[in-house]
Structures are given as C-alpha cells and as structure tokens.
Amino acid sequence: MHDLAYFRANLEAIRERLATRGFVLDVDRFVELDRRRRAAVTETEQLRARRKVESAEIARLRQAAVDTEERQRQVRQIGERIAQLEENLRELEDAFREMLAGIPNLPHESVPVGPDETANVEVRRFGEPRQFDFAPRAHWDLGPALGILDLERAAKIARTRFAVYVGLGARLERALINFMLDVHTREHGYTEVLPPFLTNSDALFGTGQLPKFAQDLFRIQDYDLWLIPTAEVPVTNLFREETLEADRLPIKLCAYSPCFRSEAGSYGKDVRGIIRQHQFQKVELVKFCRPETSYEELEGLTRDAEQILRKLGLPYRVVALSTGDLGFASAKTYDIEVWMPGQGAYKEISSCSNFEAFQARRAGIRYRTAKGKSEYVHTLNGSGLAVGRTWVAIVENYQQADGSVVVPQALVPYVGAERITPRGEIA
RNA sequence: GGAGGAAUGGCCGAGUGGUCGAAGGCAGCGGUCUUGAAAACCGCAGUGGUCGAAAGGCCACCGGGGGUUCGAAUCCCUCUUCCUCCGCCA
C-alpha cells in the first residue's frame, strides 16, 4: 500500500516507475475515484456537522420545555439523507481502497530496469559447480533409488506435487531445519519463533498476498483461515497494528514452517521431483527496522541466508531481480540460486526482499521516533533457506558414482550419519 | 461445547441517552522557580480523514461490526479477545 498523500502528489512519476515493472497505472481512473470519494466525504461530513448542531439545539430547547417535534422531524430527514450518502461513500471508499491495494510497490532506484528475469543482474558467485567423472543424476532418480523419497505414495494419499520423505531422507530434512535455525539464532542474532501455520485474511492482506493472489493459496472451508504460503505472513503480522519502541529495532526473527501453495498456473513447470510442491518446508528470516537502515539490513539478511550454503559447501550465485521480475510488495529483491547438477542449472533457493513501508502501511506496523512521532517501520524477509530445495541440492551435489550421497561435514552431527546409502526402510 | 463477568486515550481509572474527544491520577513535552536538579506551580499534549497557502475549521474513532434515537462511550443485537466455573482434550 502506498502513502496516499505522496501518491497523489507524484502521480506521473509513479506511473512511469510502475511501468518499469510492467504495471499499468490508470491515472485517470485514480484521479476520478479520488475526486469523487473526497467530494462524497465533504458532503457527508457537512451534513453530519449540521445534524450535530441541530441536535444540540433540540437538547437546549427541551430543557426550556419547548416543543421540538417539528425540529426532530427535520433532523430525522437529515439523518436519512446521511444514511444514503454514507452508503454511496462506502462504495466509493471500497472501490478506491481496492484500487490502491492492488498497486504494487515502487522499485528502489538501485533495481536494474528490465521487462523480466532476463534483465536480472548477477551480483556475486560462490564456489564452482563440481566436475563429475560420471553422469550426475537428478534427485527424482536418486531419491527413490536410495529409498529416501516416495512421490508415488504421496500422490496416493494427497495428490501430485506432494512428497513423502523416508528414513534418512526425513532425517536429512529435519537436520536441515535444525541446522538452519541453529546458525541463525546462535551466529546471526535472530530470535526463533514458531507461528501458526494458518492465518486469517487480515494477515494475508498485511503482507500483500490478499486480495490479489487468493488463487495461489489454500483456504480452509467454513473459516476465515488460510494455509500460509510462507512464514513471512504470520511472522511479519506479529506486530500488526502495533507501535514498537525505537530502541527495540531492528527486530530479527526466524521461523521454521511448512508452506502451502496451490501453484495455480504453474502447470508444466518443474513437474519432476520436488522443486515445486504444494507443501514444502522453509526457514524464514524476517526483520523490522528503521527506514534509514533497511537497505543495509537487506544486505545483511542476504548474507545470513548465503551463509547456510557456504557452510554446506554448495555453489551458488546471487542475483538482483530486475524491475520486471519483482514480487508485488517488494522494492528490491536478491534471489540466491544454488547449483543443481541433476538439472545443470542454478535454481532459486532463497528470495530476500526489502518491502520498505509497503507491508507496514498495510499492516499498521509503526515505531516511535526519538521525537515521539510514530512512523511506519520497514519490513524485510528472506528464505534462510527453502529446506526442500536444499535437500535436493545436497543429494545432487554430494552424490557419488555408486549412487550414495555423502553428508556435508557441517550436517553430520545433525544427520547422525556420514553417508546416505540404500536401506530399504520401505520397500 | 455450556454458564457467568469484563473490554474507555501510553498506563491506571471515572463516566448508564444531550457541548464527552471523554473527569482524575501516573508517565510525556514546554515553561516558572533554582547555580543545577528534585519538589511545587502554570501550560501543552491522541490517531485517521477532509477543507485550507497558512492560521485554523470540520468529521470520525471509548475492542470490531450492525441497530434504536433528533442525539450513543452510555440502550439493543452480533462477533472477537480476556477472566471465572463446568465439560472435553494432547
């Protein structure tokens, strides 16, 4: 959500800026809606002011024992007129708010301008893709062969795009979650939270998933509850409609959660394996900070996420998304992409964004400045990391010619094994 | 799930139909006094919207939504949250 006064005062510049991310702002419609809405507000309020005065007059007259029947009748008519105007105003407000809530954030000035992901800019790289002396296999071959991943039974009990992890496969997933949480809490200063995995509509509006992206979510029947698509939603909304003390900032939280996405419209994309699932596990990093430090905090948050890959010895690169590839609420985003030998490509494993005050305005998250004024915080988040994709990266990068997988050193204490070999836990 | 009670400004707490945006206290800010501070005293102080160049008006907000009324913090309905008791449960 944009700041209304700022938005009105800079319409043309904003229209041009939004165009770089492929959003067409209907300036005429905005101006017209805003004009009509304000006219309705003025008219309604003037009538309300009149009713107030008249009512006070009635009170006075009645104390003086004067008959007020006729006056009451007149004021009743004013009241009826107000009710009509209020209904009209409500419609205008709804239309206006809906339009405003559907406008994406403005890209930060440092974001490369371009129409789509082809304009993304690589900012750094870590490690080199390993040279195999055999043909590396993809995880959808390795997993079932090792008996650690069962997609067929998952489809039977749920549907396609779900997975069952078995034996050391399940253990590896759990090990990664604990490893990531330990690194972020012990070494990077984040506080761990374990939030609800379902949230209400208000929370999803706050972070920007609603109203525009309802089709990407799973909804619970008969309740105003949805399965979270990311822990960003419950964690960012922790402080919804709250004013934080400035000396508490920045607040750094991390959370493990499963994430649920309908993946509507992604037919034919990443259909094999577990790259794209309806349910996956993720450790999320979330920050609340003062506006003047948010870009510094974005660099730090991205480094924190990268650190997991470094410790695991997985090659990756960091990419600055172009204006055309930015998510709805983001002002700037770095994607971290890990090397996947089975697919011969770098695949997104984390997305780290600064939302500036866009989410804070929607969710009403403020802080009190030194002068005592309350202002909106900046919010940031990033995956630290997507656990399922990290699982894939380990299996594919650490595979051996005999089909086994060597466990990265940093993870051995968590997995309790140095190597994953077929065990046949479930036939 | 059932029965009762509660929800007022940063905090505490008055207020059951008519200048109540809301007494009082605490905390906050400015000032007087003081070498300085404290105390005391005086004053200022909420959020959002809207009109206005500004000064300043006006409107809304007493947990959320709806209703009754000329007029609602006050009455009615409903929802939410918290507390007490019963039931159930991990």
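## About the model

The model is predicted, so to speak plainly, local features need pLDDT of at least 70 and side-chain atom pairs count only at pLDDT 80 or more, while totals for chains, interfaces and linings use all residues. Residues are numbered from 1 along each chain as its sequence is written, chains are lettered from A and ligands numbered from 1 in the order written, and side-chain values use heavy atoms, without hydrogens and water.

## Around RNA strand B

Let's begin with the RNA. There are 18 residues around RNA strand B, and Arg-37, Glu-45, Ser-55, Val-75 and Arg-76 come nearest (near means that a heavy atom of the residue lies within 4 Å). This surface has ten charged, five nonpolar and three polar residues (Asp, Glu, Lys and Arg are charged; Ala, Val, Leu, Ile, Met, Phe, Trp, Tyr, Cys and Pro are nonpolar; the others, Gly among them, are polar). Helix α3 supplies the largest share, 13 residues (helices are DSSP runs of H or I with at least four residues, strands are runs of E with at least two, and both are numbered from the N terminus).

A polar side-chain atom of Glu-45 is 2.9 Å from a base nitrogen, and a side-chain N or O atom of Lys-52 is 3.2 Å from a phosphate oxygen.

## A three-stranded sheet

An open sheet runs in the order β7-β13-β14 with mixed pairing (paired strands share at least two DSSP bridges). Four bridges join β7 to β13 (365–368) in parallel, and Thr-243 stands opposite Arg-366 in β13.

Methods
Polar contact = N/O pair within 3.5 Å; in protein donor to acceptor, adjacent residues only side chain to side chain.
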